[in-house]
Amino acid sequence: MKQKNVMRGLAGLSATLLAISGAATAVASTRADFINSKLGTSSFKLVEKGDGTGDSIYFDSEFSSVQDLIDAKKQFAEEISEEGSVLFKNINAALPINKASEKVTLWGMNSHVPTLGGEIGSSVAGPDDAVFYGLEEALAEKEFDVNQDMVDFYSSDTAAQYMRMGGFGQPGHSLTPGFGPMYEVNTDYPIGEIPASEYSDELLKSADDTAAVVVISRDSSEAADYEPNMVNTTSGDSFERPLALSDYERQMIALAKEHSTKVIVLINSDNPIEIEELKEDDEIDSILWTGLPGMYGFLGVADILCGDANPSGHISDTYAVNSLSAPSMVNFGIYTYSNSSVSGEKDGLTETDKADWFEVESEGIYNGYKYYETRYEDCVLGKGNADTTEGSSTGEAWNYADEVSYPFGYGLSYTTFEQKLEKVEVQTGSVGKATVTVTNTGDTAGKDAVQLYVQAPYTEGGVEKSAIQLAGISKTQILEPGESETVEIEINPAYFASYDETAVKADGTAGAWVLDEGDYYFALGNGAHEALNNVLAKKTGSEEGLVSVNDDAVINADNVQIWNLAAKDMETYSANVQNALQDCDINKVIEDTVEYTTRTDWRKGWTAVTSITPTEEMMEGLRNSRTELTENGSGTTWDKDNGLKLIDMMIIDENGNYSGAIDINDPMWDQLIEQMSLDEAIQFIEYGGDDIENIDSVFLPRTYEQDGPIGFSYDQVAGYSARWSKDLSDEPTYVAEDDENADTSMVSFPTEVVVAATFNTDLLEREGELLGEDGLWSNISVINAPGLNLHRAVYCARNFEYYSEDSMLTNILGKAICKGAQSKGLVAAVKHFAYNHQETNRSGMSVFFTEQAARENELRGFQGAMAENIAGGAMTAFNRMGVDYSGAKKSLLEQITRTEWGFTGAYVTDMINGADYMNWRDIVFNGGGMALTSSAYSSSEIGLMEDVKAEIAKDTAFQEALKQNIKYWLYNLVKSNAMNGITNTSVMESVTPWWQIAFYGVDAFLALLTLLFIVVYAKKLKKA
């Protein structure tokens, strides 16, 4: 009796478990899309059903193996540093070094541990056996005779105590990244240099009669910034400012001068260091800027040091005497709203709002050289109180020579060149050109960068204008002594038009791109300052009062040509244009909050805005309450069988080659997207980013999107095999897990600042091609690069991921690298759109600026690649624009980019780091694309989209916005390498993913167990 009851109980228990398991299986089956997205599985697989004769590889590799690609990238990275290193000074022909007769002593602890890249973003990382070339390794490979005693000293335990070890313990770094809120600045910054007292007499004697190569280094990092009040608390060293030389650096340089035949200083930093004292020191023979050269770039630096390469780089930022002298530094740091979450105010902001901080960009358009050069012209011409003491780094009357060491665009060579501006052809409404002849007048072969600048007519009190701005660039091939080359530079008047917020066009809308009537001066120069001096000499007919800060500078009024515009034009470049960012100007929201920098009076713009009390209207944005789900409309179509596949949207030419995609406005796109389920749409948007979710209903396979500007980040993609699966092994660029290069790092290139200094668009395009090759060999379709934000402040430690302080150089280079990537089927998603100018408290910070400054500076840098649709995407920034999150700023994402520029690329957010301010609701409604997250919303107040699916199903407007965001992604993915291996005869076949098999297995086991218990119970019952 007892056994019978046990069997009955077990049968009942197993039956109950079977019911629960069966119900779970049924529920899981209905949620298969979401489970697949979480586990990286699929219920379908692509199978080719054609005759196998068609070519399904639309983007081919030029390499026969991944090893060939790796070798090519190493050589190319070396070439970038050869062309991107900038020679600032070279007296007594100290460079190049004669390797056969000169021995080299490396000076400075940072010659042993130089900075190769930034921390986190664009970090130089790889497997344990990877070789990263520092200066020591590069000189050894290039067979320099190096003083080993000094190398051994810097490798010793004595030296190790001074070594820089960043926040993540990385040698060569001092900055400490911080991802959380900061209310006080991080003030500790170890330079990592050794005091003179640690050098023994015997060690110093080993350096006698050798050539000194001194390394001065400052690091870079994501999620960190320099601060003016930083101090070195760890080693006893001190400095006036973190970007100024430290006492230990000066001591080390003094020793190098005392014991060496010549002194060559390498500047290993992407943030401009204050080096006026080195420039003016006659005992410093040469200064060579290397920037952060990446994994292989020091090989190129070594080539320059010995003369195997001739430097041809030009600096992409102004090197100021005092790094704090720019007006952009007035409002840089930590500023909080008066009702911040830590203020204690009732009904104030909360920690969840992530909105405590703001930054007011009071400099207006006068960023970088546009400040220094414009104020210089006004000094020369005696206008606008330009020589006032306000903004002077000396405390005396402002004087250009006291403020600038090396102007934007400056750079020397081992040879000399002559440039002649032959002709300028300009016509509004079309793209013109300048013709320039370059002749090598020296005795060494080399390349020369050609820089064309323009000055637009300015009326005092009118629209703010820079005295000079870059219009275009070119670079020669290697010219032998006496050889000449004629180059052409594209001139687009749209890019030297000024944005007038007050202009009212014929259609009655306010805001226009304006070309004022008058003379436009086009000039050549070795940098912005030389070009401006040429303009001033032409305009005034005299060189009197003109100042040059570099000994090699030449003033040549003949290298200026004038184009005259007879009448003001505010219509040609203003189609669909109207003011869109007025709410980002704090003075338009709260009157007289800030005093902007202005040419009419240079005394203005030097007062920081340290506190703001938000209005109720501002609080709506700061509390992230702009949008809500509502019941509206008559519904939208999902799950429709239209018989289309994504591959059907690809255009194939008569030879069977890829030729583009069907126009995005074609109704076929809407028919394709109608095939999707609402579940698929939700998971595609909500779980975007690194893994781009497969959409089985439209035959989109799972693909991948990864950082970053120097190559796919090793922290995200640990080698070429990481994103491949065995079912794709028949693709020609497949890399197996057991391949010798399976875990090889792809972060091969120097930082963007070094790349920018090449001034070589051909080089940039080739870099894009090689990034595209990495995409083919790693099975990645989207790269979050290049970074196109401006270097607004020299203290921003993330400037290493962006090209320049100048929007036009950024524009030109951004187009070139995106073009190269596009040619290989890699979607370039430019970032961080827009206004990521400070890393401290970047998440949720309100950035305020004038609309003119936004359009002429920051946005112009992005405009080339986006407006010409060379970039297939854009990653939005963490910060707010005004009080609205940039990834949900509709006036930016739709009015400016879609309506004005015609951008058809796809948007993706940066990593969701504050799920309630970077919420999916605002992102979708305002055209922000995909959310880069896998789980952030699950723990947020807004919650997951899937949890409110029923509400979403009632909101027609939201669903239509979902579709539109997805359409842009599909449109760009069909033009990518994600389509390799797929044809219009490919079909989706059902497969059972492992997790579903597990569910079925549990069901079967419990069913058998239940049946067994019932049978045994029945037998027991029969016996009874």
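A polar contact of 2.9 Å links the side chains of Glu 900 and Gln 895, where a polar contact is a pair of N or O atoms within 3.5 Å; within protein, one must be able to donate a hydrogen and the other to accept it, and residues adjacent in sequence count only if both atoms are side-chain atoms. The model is predicted: local features need pLDDT of at least 70 and side-chain atom pairs count only at pLDDT 80 or more, while totals for chains, interfaces and linings use all residues. Residues are numbered from 1 along each chain as its sequence is written, and side-chain values use heavy atoms, with hydrogens and water left out.

Glu 900 belongs to helix α23 (residues 890–900); helices (H or I, at least four residues) and strands (E, at least two) are DSSP runs, numbered from the N terminus. With a relative accessible area of 14%, Glu 900 is buried, a term that means under 20% relative accessible area, as against exposed for over 50% and partly exposed in between (1.4 Å probe, protein chains only). Not counting residues up to four places away in sequence, Glu 900 touches Asn 576, Val 577, Gln 578, Arg 855 and Gln 895, contact being heavy atoms within 4.5 Å.

The nonpolar interior comes next. In soluble globular proteins, nonpolar side chains tend to be buried together. A nonpolar core is a set of buried Ala, Val, Leu, Ile, Met, Phe, Trp, Tyr and Cys residues joined through side-chain atoms within 4.5 Å. The largest such core holds 237 residues, of which Trp 107 and Tyr 199 touch the most other members. Helix α26 (residues 956–973) gives the most to this core, namely nine residues. A second, separate core has 29 residues, among them Leu 421, Ile 491, Leu 565 and Val 577.

Helix α26 also packs against another helix. Its axis and that of α18 (residues 678–686) come within 10 Å and cross at roughly 65°; axes are lines fitted to C-alpha atoms, for helices over the stretch in contact, and angles run from 0 to 180 degrees between N-to-C directions. Leu 678, Ala 681, Phe 684 and Ile 685 of α18 make the contact with Gln 959, Leu 962, Asn 965, Ile 966 and Trp 969 of α26.

Ala 523, in strand β17 (residues 518–524), is buried with a relative accessible area of 0%. Its C-alpha atom is separated by 9.6 Å from that of Leu 470, 53 residues apart along the chain. Ser 269 lies in the loop between β5 (260–268) and α10 (276–280) and is likewise buried, at a relative accessible area of 0%. The side chain of Ser 269 reaches the backbone oxygen of Asn 271 at 2.7 Å.

Backbone geometry in other loops also deserves attention. A cis peptide bond, with omega about 0°, joins Leu 95 and Pro 96, and Pro 96 is in the loop between β2 (86–90) and β3 (104–107). The peptide bond from Asp 707 to Gly 708 is also cis, with omega near 10°. Glu 143, although not a glycine, has a positive phi of about 65°; this residue is exposed, with a relative accessible area of 66%. Asn 841 has a positive phi near 60° and is buried, with a relative accessible area of 6%.
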